[in-house]
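I opened my notebook and took the structure one topic at a time. Here is what I looked up.

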Amino acid sequence: MTTAEAHGTPHPDSTTRHHVSLAETATAHNYSPLPVVLASGQGAWVTDVEGRRYLDCLAGYSALNFGHAHPRLTAAAQEQLARLTLTSRAFHNDRLGPFCRDLADLAGMDLVLPMNTGAEAVETAIKVARKWGADRKGVAPDRADIIVADGNFHGRTTTIVSFSTDPVARDGFGPFTPGFRSVPYGDSAALEAAVDENTVAVLLEPVQGEAGVVIPPPGYLQAVREVCSRKNVLFLADEIQSGLGRTGTTFACDAEGVTPDVYILGKALGGGIVPVSAVVSRHDVLGVIRPGSHGSTFGGNPLAAAVGHAVVELLRSGEYQARAAALGERLRGRLEDLTGRGVVAVRSRGLWAGIDLDPALTTGRQACLRLLDRGVLAKDTHGSTLRLAPPLVIEPGQLDWMCDQLGEVLARAGT
Ligand SMILES: *Cc1c(COP(=O)(O)O)cnc(C)c1O
């Protein structure tokens, strides 16, 4: 018991410390969370167990593109919760068809294969590409090859970590799944050189999120599209984090007017409420999947479909994409002002920014702790990079306030 508690005045952080210590004893240490315990959220704001408010500038790694408790999304979930939540795909439900039709329409595609988590959707796309290679391209059994990019992040399953280039994600988790080759990100010549007769697909993030919001050189996505078309290889775009409005367009591929063969979606598709992911493509690609060859107990459940459908409805107006584009310009301007004042480099697209901090001044983690003290939640990556991805519902004044806090943290860094 602390002195404060002995005197009958609880230490202001006792509730936080209780929850943190409980989590540390009962939860596997697969994350190192910041020392804040959140209890509620509304829009761009969250409140901790002590009643302090924070601007959520991570937004669940873009799973919360529409903010916390968006009224249209919670209404869709609540209405469906009271009606029907799970049927399994052994039967039809009245939510799945409309959701898939409208999602396919939003993507300019024909078919949707619904799953739950992002990693599952990536696994699904890999299976679809291999099956397409076997059935449509005539690739010999067990020879199919998929080209990926260095620095990729596509999830955490055993197959997906097999082609990660991050030692922390891989080491100790072998044996690894064969059939992947990694080439430098942003280098279309290296990619083309890696394609051979057994190549069935290229799997890429149009902007590499976990790598630190790495934006490929202009023309890269178009060049990848051109190589894939010419060599009869599927272009699988992992838009799990970059898609659904984050970058100022519906998909990050839209920035170069590129349509991949397959969109892999997740995160924001579940409205921050339930895990919803999907593989979205054309008849000639997704048509290779037949009954029994792939599935998921929860994939396409009525609750997920109702929420996913409400997300698609929000995106159909283009309002959120336009917001992300306009506010993204504002964010970029504010961050560029900090260049040379603790910021070494800024990469941003829409409301998504990777900020390389001067490692001599502060670590990313230290900056995040200082931002936390000032009421801003953000996440570091790769030592000295800060990642910002506020909900698309953030107000211009709040965005300015966030940038002010970052400026203050950097001005006082090292003190
Ligand atoms: C988050 C993410 C995934 C994995 O999604 P989970 O839902 O965590 O499995 C895959 N690809 C990209 C680009 C991501 O950002």
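**Entry 1: Aromatic rings**

I started with Trp 401, which is partly exposed, with a relative accessible area of 30%. The model I am reading is a predicted one. I then looked up Trp 45 and found that Trp 45 is buried, at 18% relative accessible area. Buried means under 20% here, so Trp 45 falls within that class.

How many aromatic pairs does the structure hold? I noted 5 aromatic pairs. For Trp 45 and Trp 401, the ring centres are 6.0 Å apart and the planes stand at 40 degrees, so I wrote this pair down as tilted. Trp 45 belongs to strand β2 (residues 45-48) and Trp 401 to helix α15 (residues 396-412). The pair therefore ties together parts that are 356 residues apart in sequence.

Next I checked Phe 66 and Tyr 320. Their aromatic pair is edge-to-face, with 5.1 Å from centre to centre and 85 degrees between the planes. Phe 66 lies in the loop between α3 (59-62) and α4 (71-81), while Tyr 320 lies in helix α13 (residues 319-336), so this pair ties together parts 254 residues apart in sequence. Phe 66 and Tyr 320 are both buried.

**Entry 2: Charges over rings**

I went back to Trp 45. The charged end of Arg 53 sits over the ring of Trp 45, 4.3 Å from the ring's centre. I also found Arg 170, whose charged end sits over the ring of Phe 176 at 4.0 Å from the centre.

**Entry 3: The sheet of 7 strands**

In what order do the 7 strands of the open sheet run? I read the order as β4-β10-β9-β8-β7-β5-β6, with mixed pairing. β4 (111-115) and β6 (180-183) stand at the edges with a single partner strand each, so one side of each has no neighbour in the sheet. From one strand to the next, the twist averages 20 degrees.

Strand β8 (residues 234-238) and strand β9 (residues 262-265) pair in the parallel sense over 3 bridges. Leu 236 stands opposite Val 262 in β9.

Then I looked for helices on this sheet. Helix α5 (residues 96-107) packs on the sheet and touches β4, β9 and β10 (277-281). The direction of α5 makes about 120 degrees with that of β4. Helix α10 (residues 220-231) also packs on the sheet, touching β7 (199-204) and β8, and its direction makes about 145 degrees with that of β8.

**Entry 4: A look at β5**

Is strand β5 (residues 145-149) mostly covered or uncovered? I found β5 mostly covered, with 5 of its 5 residues buried. Asp 145, Ile 147 and Ala 149 are on one side, and Ile 146 and Val 148 are on the other.

β5 runs parallel to β7, and 3 bridges join them. Ile 146 has Ala 201 as its bridge partner in β7. β5 also pairs with β6 in the parallel sense, over 4 bridges. In β6, Ser 182 is the bridge partner of Val 148.

**Entry 5: The sheet of 4 strands**

I finished with an open sheet of 4 strands, in the order β11-β12-β15-β14, with antiparallel pairing. Its edge strands are β11 (343-348) and β14 (379-381), and each pairs on one side only. The twist averages 25 degrees from one strand to the next.

Strand β12 (residues 353-357) and strand β15 (residues 385-388) pair over 4 bridges in the antiparallel sense. Gly 354 stands opposite Arg 387 in β15. Helix α13 packs on this sheet and touches β11, β12 and β15. The direction of α13 makes about 5 degrees with that of β12.

Terms used: Residues numbered from 1 in each chain as written. Predicted model: local features only at pLDDT ≥ 70, side-chain atom pairs only at ≥ 80, totals over all residues. Heavy atoms only, no water. Phe/Tyr/Trp six-rings, centres within 6.5 Å; stacked < 30°, edge-to-face > 60°. Helix = DSSP H or I, 4+ residues; strand = E, 2+ residues; numbered from the N terminus. Buried < 20%, exposed > 50% of the residue type's maximum accessible area, 1.4 Å probe, protein only. Lys NZ or Arg CZ within 6 Å of the ring centre and 35° of its normal. Pairing = 2+ DSSP bridges. Axes fitted to C-alpha atoms, helices over the stretch in contact; angles between N-to-C directions. Contact = heavy atoms within 4.5 Å.
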